[in-house]
Amino acid sequence: MNARERYGIPHDSVITIAGTVGVGKSTMTNALADALKFRTSFEKVDTNPYLDKFYQDFERWSFHLQIYFLAERFKEQKKIFEYGGGFIQDRSIYEDTGIFARMHYEKGTMSETDYETYRNLFDAMVMTPYFPHPDLLIYLEGSFDDILSRIKERGRPMEQETPIEYWEEMFKRYDNWIDNFNSCPVLRLNIADYDVLNDKTSIEPVLEKVGHFIQQSRKWRSSHLLT
Ligand SMILES: Nc1ncnc2c1ncn2[C@@H]1O[C@H](COP(=O)(O)OP(=O)(O)O)[C@@H](O)[C@H]1O
Ligand SMILES: Nc1ncnc2c1ncn2[C@H]1C[C@H](O)[C@@H](COP(=O)(O)O)O1
């Protein structure tokens, strides 16, 4: 029996991994996809034509970058739908608006007009009854110091040159955002409680929780459709 069957995880599940920059989303995406034999949907950082420019000048490029990310994530969403699920997605579409666009608007590095335009587009594309929400959002959390060490260790030049206050602000916003998030079921995991890089067996308790959560949420969804 494979891991997916062992933990009762449906073959068409869609699981999205959320959390602040550097917390370990891509690593968890790979570990889960490998264990479940699912496809992956990654953010393409290296080929993003705006990301470097954005880190050099937030005001000039924040709108362009949000539109780019929105288009990319929407294409990925469509791909996941066309395959009929069975995906692990690195970062949710909800974080683009709930964290990034909002933060840049509130900090004054995105104009009100640009923010409104972006929000309207986001709501028209995503917040419709036709948008398939994931079965589960896995939220990765940890201490600010641990996350900062991971950003440093990974060493993307644009992130190294960004002031620490930017990461601090994002860290606080994530805390608040996840406490109020209700677009799909959430499983919170603390990065101190597993180590999928150095201990391959530490994915097992994660899979067990994932199976449990997805079964519960599917039962809930079907009973609400029936009534
Ligand atoms: N369990 C772990 N223990 C130690 N380092 C980790 C762990 N998970 C991820 N990392 C490291 O932390 C850095 C950021 O991880 P990554 O998965 O790229 O984060 P994200 O996708 O959230 O930005 C990478 O250098 C990665 O190797
Ligand atoms: N919506 C976004 N706005 C601004 N910056 C973003 C957005 N989504 C991702 N990013 C940045 C943050 C990181 O520098 C890279 C990749 O994110 P990661 O959390 O490491 O996967 O893109």
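Q: Is Glu204 buried, exposed or partly exposed?
A: Glu204 counts as partly exposed, because its relative accessibility is 28%. Keep in mind that this is a predicted model.

Q: Which residue does Glu204 pair with?
A: Arg6. The two side chains form a salt bridge, 3.5 Å from N to O. Arg6 sits in helix α1 (residues 3-6) and Glu204 in helix α10 (residues 203-226), so this pair links distant parts of the chain, 198 residues apart.

Q: And how open is Arg6?
A: Arg6 is at 42% relative accessibility, which means partly exposed.

Q: Why would such side chains pair up at all?
A: Side chains of opposite charge can pair when their charged atoms come close.

Q: How many salt bridges are there in total?
A: The count comes to 21 salt bridges.

Q: Give me another one. What does Glu72 meet?
A: Lys44. Their side chains make a salt bridge of 3.8 Å, N to O. Glu72 belongs to helix α4 (residues 58-83), while Lys44 is in the loop between β2 (39-41) and α3 (51-56), so the bridge ties together parts 28 residues apart in sequence.

Q: What about Arg73?
A: Arg73 bridges to Asp96, and the closest N and O atoms are 2.5 Å apart. Arg73 is in helix α4 and Asp96 in helix α5 (residues 93-106), so parts 23 residues apart in sequence are tied together.

Q: Is that pair buried or exposed?
A: Arg73 is buried, with a relative accessible area of 7%. Asp96 is buried too, at 1%. The pair is part of a network: salt bridges with shared partners join Glu43, Arg73, Arg91, Glu95 and Asp96.

Q: New topic: ligand 2. Which residues come nearest?
A: Lys25, Glu43, Tyr55, Gln66 and Glu159, out of 17 residues around ligand 2.

Q: Which helices supply that shell?
A: α3, α4 and α5 each give at least two residues. The largest share comes from α4, with 4 residues.

Q: What polar side-chain atoms lie by the oxygen atoms of ligand 2?
A: Lys25 has one 2.7 Å from an oxygen atom of the ligand. Glu43 has one 2.5 Å from an oxygen atom. In the side chain of Arg156, an N or O atom is 2.9 Å from an oxygen atom of ligand 2.

Q: How much of ligand 2 does the protein bury?
A: 99% of the 480 Å² that ligand 2 exposes when taken alone. The space it takes is the largest pocket.

Q: Now ligand 1. Which residues are around it?
A: Thr20, Gly22, Val23, Gly24, Lys25, Ser26, Thr27, Arg150, Glu153, Arg154, Asp195 and Leu197. Helices α2 (25-36) and α7 (144-154) each supply at least two residues of this shell.

Q: Where are polar side-chain atoms placed against ligand 1?
A: Arg150 has one 3.3 Å from a nitrogen atom of ligand 1. Glu153 has one 3.3 Å from an oxygen atom of the ligand. For Asp195, a side-chain N or O atom is 3.1 Å from a nitrogen atom of ligand 1.

Q: How much of ligand 1 gets buried?
A: Taken alone, ligand 1 exposes 560 Å², and the protein buries 84% of that. The space taken by ligand 1 is also described as the largest pocket.

Methods
Residues numbered from 1 in each chain as written. Chains lettered and ligands numbered in written order. Predicted model: local features only at pLDDT ≥ 70, side-chain atom pairs only at ≥ 80, totals over all residues. Heavy atoms only, no water. Salt bridge = Lys/Arg side-chain N within 4 Å of Asp/Glu carboxyl O. Buried < 20%, exposed > 50% of the residue type's maximum accessible area, 1.4 Å probe, protein only. Near = heavy atom within 4 Å. Polar contact = N/O pair within 3.5 Å; in protein donor to acceptor, adjacent residues only side chain to side chain. Areas by Shrake-Rupley, 256 points an atom, 1.4 Å probe, with all protein chains shown as cover. 1 Å grid on protein atoms, 1.4 Å probe; cavity = no way out; pocket = protein on both sides within 12 Å on 5 of 7 lines; lining within 4 Å. Sits in = over half its atoms within 2 Å of the grid points.
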